[in-house]
Amino acid sequence: MNNIKDFEVTSPPSDTVSNMDFSSQADFLAVSSWDNQVRIYEVHSSGNTIPRASYAHEAPALCVSWNKDGTKIGSGGADKAVRVYDVTTGQAMQIGQHNDAVKCAEFLEQGNILATGSWDKTLKYWDLRSPEPIGTVQLPERCYTMDSKGPLLVAGLAEKHISVIDLNNPTTIFKNTTSSLKWQTRVVACFPDAKGYAIGSIEGRIGIQYVEAKDLSKNFSFKCHRDESKNVFSVNDVNFHPLHGTFSTCGSDGTFSFWDKDSRQRLKAFPKNNGQVSSTRFNKDGSIFAYAVSYDWSKGYKHAPSLNQTKIYLHAVKDDEIKPRGTKKR
């Protein structure tokens with residue numbers, strides 16, 4: 001346990017955690033890491049974890065996603081490969097390829113389709129049965145982050161480009177726009193109602209963006225992950241709670257917080273960890289919040305710890321930490 005008495009995951013990765021995803025069917029956590037591995041952990045209600053399986057990329061694994069029925073895991077890596085692990089057979093296989101690192105992988109809610117975004121400036125769709133993609137979208141820039149919910153897919157790209165796609169017409173970009181934030185995009189996360197997305201930048205700031213023109217007056221941004229000495233840290237991940245629509249942020253300052261976009265307030269700030277928080281995820285009902293404490297490379301290799309200090313913690317989420325509190329009086 002750590003300073004807030006959260007449960008530690010047994011046998012964590014031997015290098016930085018790049019991404020995590022919980023199954024929507026049971027409490028199984030998939031973790032991709034810079035040590036080339038994707039690991040699957042079973043989480044018990046007691047908080048104990050059991051490592052259940054792992055499979056390898058040939059270079060750092062950068063992203064991971066469960067499919068909707070919890071039978072398959074998709075992942076991408078710096079080896080340019082798209083891989084799928086079959087939970088029932090225990091077999092992993094390469095199902096696709098990009099011309100550069102695969103930074104983002106996301107199983108869509110429509111069918112068993114895996115969407116992947118790459119530094120080769122393409123978004124590809126795979127149906128797992130064919131080595132060729134069933135669709136390809138040319139993006140304006142390299143893909144750094146991606147999320148989807150219902151018919152909405154949002155890709156955060158290099159040079160602050162944002163590509164919004166309506167998955168009813170998946171091979172056409174619905175809207176190309178520029179981030180509302182001044183600095184490089186680090187993460188995007190779609191609202192649970194698919195009406196917009198949150199965007200986090202390297203400059204300790206979150207933007208709340210709606211897609212439809214009628215909602216644009218609701219757009220706003222706010223500062224976060226900064227300290228009392230006015231140091232500014234990267235936002236490394238954003239996750240929406242599956243039931244309440246509130247959300248988490250984590251950063252290079254070693255903290256994470258829960259927020260409510262509708263009342264524009266912070267619900268809970270958590271104590272600083274002994275290391276940067278590189279990735280986070282809520283489980284299927286939002287009762288567990290997983291967060292990885294591992295070096296995020298924001299200060300380059302010179303500041304990388306000589307010994308691996310990667311840890312994954314599980315926080316039991318309390319209602320009063322995450323439930324909306326109504327509009328704050330101004």
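Strands are DSSP runs of at least two residues, numbered from the N terminus. The close-up views below are taken from a predicted model.

**View 1. Asp69 lies in the loop between strands E6 and E7**. Strand E6 spans residues 61-66 and strand E7 spans residues 72-77, with Asp69 placed in the loop between them. Asp69 has a relative accessible area of 44% and is therefore partly exposed. Its side chain makes a polar contact of 2.9 Å with the side chain of Asn67. A polar contact of 2.7 Å also joins the side chain of Asp69 to that of Thr71. Although Asp69 and Ser24 are 45 residues apart along the chain, their C-alpha atoms are separated by 7.1 Å.

**View 2. Asp147 is a buried residue without a salt bridge**. Asp147 belongs to strand E14, which comprises residues 143-149. The nearest side chain of opposite charge is that of Arg281, at 5.5 Å, whereas a salt bridge requires a side-chain nitrogen of Lys or Arg within 4 Å of a carboxyl oxygen of Asp or Glu. The side chain of Asp147 reaches the backbone nitrogen of Cys190 at 2.7 Å. When residues up to four places away in sequence are not counted, Asp147 touches Glu106, Leu152, Leu153, Val154, Val188, Ala189 and Cys190.

**View 3. Trp34, Trp297 and Tyr301 make a nonpolar surface patch**. The patch has an area of about 360 Å². One of its members, Trp34, is placed in the loop between strand E3 (28-33) and strand E4 (37-43). The relative accessibility of Trp34 is 35%, so this residue counts as partly exposed.

Methods:
Residues numbered from 1 in each chain as written. Predicted model: local features only at pLDDT ≥ 70, side-chain atom pairs only at ≥ 80, totals over all residues. Heavy atoms only, no water. Helix = DSSP H or I, 4+ residues; strand = E, 2+ residues; numbered from the N terminus. Buried < 20%, exposed > 50% of the residue type's maximum accessible area, 1.4 Å probe, protein only. Polar contact = N/O pair within 3.5 Å; in protein donor to acceptor, adjacent residues only side chain to side chain. Lys, Arg positive; Asp, Glu negative; His and termini not counted. Contact = heavy atoms within 4.5 Å. Patch = residues over 30% accessible without salt bridge, like charges linked within 9 Å, V, L, I, M, F, W, Y side chains within 5 Å. Areas by Shrake-Rupley, 256 points an atom, 1.4 Å probe, with all protein chains shown as cover.
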